[in-house]
Amino acid sequence: MTIKRIFESNILLFGYGKMGGALLSGWIKSGLQLKNTYVFEPKPSEELLSLAKNGANINPTLPIKAGVCILAVKPQAVDKLLSSFPRNVMFPVLISVVAGTPLSKFKSKFSSEVNIFRVMPNTPALVSAGISAIYGESRMNREDLEKVKLLMSAVGSTVLLDNELAIDAVTAISGSGPAYLFLLMEAMASTGVELGLSYKTSLKLAKHTVFGSGKLSLKSDLSPKNLRENVTSPGGTTEAALSVLLHNDKFRLTMKEAIKSAHKKSIHLRG
Ligand SMILES: NC(=O)c1ccc[n+]([C@@H]2O[C@H](COP(=O)([O-])OP(=O)(O)OC[C@H]3O[C@@H](n4cnc5c(N)ncnc54)[C@H](OP(=O)(O)O)[C@@H]3O)[C@@H](O)[C@H]2O)c1
């Protein structure tokens, strides 16, 4: 099986919002042809309409046969989507990226021949640097699991989960995680301005520092703690900053509280 074969079997997406858009853009960059792209979206954006002009099938006429169908609507929109799900749409593999919505909800709607996966991606998928956690039941056909892995690998890295409840933790770490780092960039950039830099320069410094540190940590065998210690010389500037962040374990405890709040919300969403 190759990603080319998966793309050629047609990709069907419900919901071209931030996540659906990021995935589709990532797949298009990885070779998905617009003629093999089918999207249902109630209010197509200019961007989606321009894909339609170039051959993508937007709110297409039925019947549709696709290799993989992806549901990327908000959790609150799932019931409505499932109750009005178009007939004459055939696919062997369904991927839901919807937070807080259990597999059981989808299983009751679709035939038992459809293999259903929950995937928790994140928006860096847009630039092929996402991380997706994949969960499928153990009775799943291995070939379909490989298909989902290949598809998600086309927009970044993947991890496999062995229990569905872990999706709530993944949502709190990497699903929502880009927002934590964007906040960090905002704080670094605005402080740079207070210290006399232009906003443009300060933001560029912040963005590249986050990007480069992520890349370094992926390439290095050292733990984040070791990498941090490597840039902290005794009595130096980094140590001065860290003494503030580490005082009373302030930074770690704030992160913990934030991540646990996201986790709680994810559990709450599934009711
Ligand atoms: N954004 C992230 O970083 C992220 C990360 C991981 C997972 N997710 C998951 O991805 C899902 C989508 O999130 P999002 O941020 O992309 O939300 P979003 O930007 O609101 O996108 C959802 C899109 O789905 C459309 N939609 C609603 N009902 C539909 C239907 N019946 N058929 C087809 N399309 C329909 C919406 O249209 P209207 O606006 O007109 O209703 C909207 O354009 C969520 O379940 C979220 O948990 C998101």
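Let's start at the ligand. By class, its shell holds 15 nonpolar, 6 polar and 5 charged residues. Nonpolar here covers Ala, Val, Leu, Ile, Met, Phe, Trp, Tyr, Cys and Pro; charged covers Asp, Glu, Lys and Arg; the others, Gly among them, count as polar.

A word on the source. This is a predicted model, where local features need pLDDT of at least 70, side-chain atom pairs count only at pLDDT 80 or more, and totals for chains, interfaces and linings use all residues. Residue numbers run from 1 along each chain as its sequence is written.

Back to the shell. Of the 26 residues around the ligand, G15, G17, M19, V98 and A99 come nearest. Being near means that the C-beta atom, placed from the backbone, lies within 6 Å of the molecule. Two elements give two or more residues to this shell: helix 2 (18-29) and helix 4. The largest share, 3 residues, comes from helix 2. Helices are DSSP runs of H or I, at least four residues; strands are runs of E, at least two; both are numbered from the N terminus.

Stay on helix 2. W27 lies there. Is W27 buried or exposed? It is buried, because 25 other C-beta atoms lie within 10 Å. The cut-offs: buried is 20 or more other C-beta atoms within 10 Å of a residue's own, exposed is 12 or fewer, and partly exposed is in between, with C-beta atoms placed from the backbone.

What does W27 touch? Leaving aside neighbours within four places in sequence, W27 is in contact with F7, I11, L32, A154 and V155. Contact means C-beta atoms, placed from the backbone, within 7 Å. And S96? W27 and S96 are 69 residues apart in sequence and 16 Å apart in space, C-alpha to C-alpha.

Now the backbone. Most residues other than glycine have a negative phi, and most peptide bonds are trans. Here are some exceptions.

Take the loop between strand 3 (57-58) and strand 4 (64-65), where P63 lies. The peptide bond from L62 to P63 is cis, with omega near 0 degrees. N59 is found in the loop between strand 3 and strand 4 too. N59 is not a glycine, yet its phi is positive, about 45 degrees. N59 counts as exposed, because it has 12 C-beta neighbours inside 10 Å.

Next, N88. It sits in the loop between helix 4 (78-83) and strand 6 (89-90). Its phi is also positive, about 60 degrees, although N88 is not a glycine. With 9 C-beta neighbours inside 10 Å, N88 counts as exposed.

How values were computed:
Contact = placed C-beta atoms within 7 Å.
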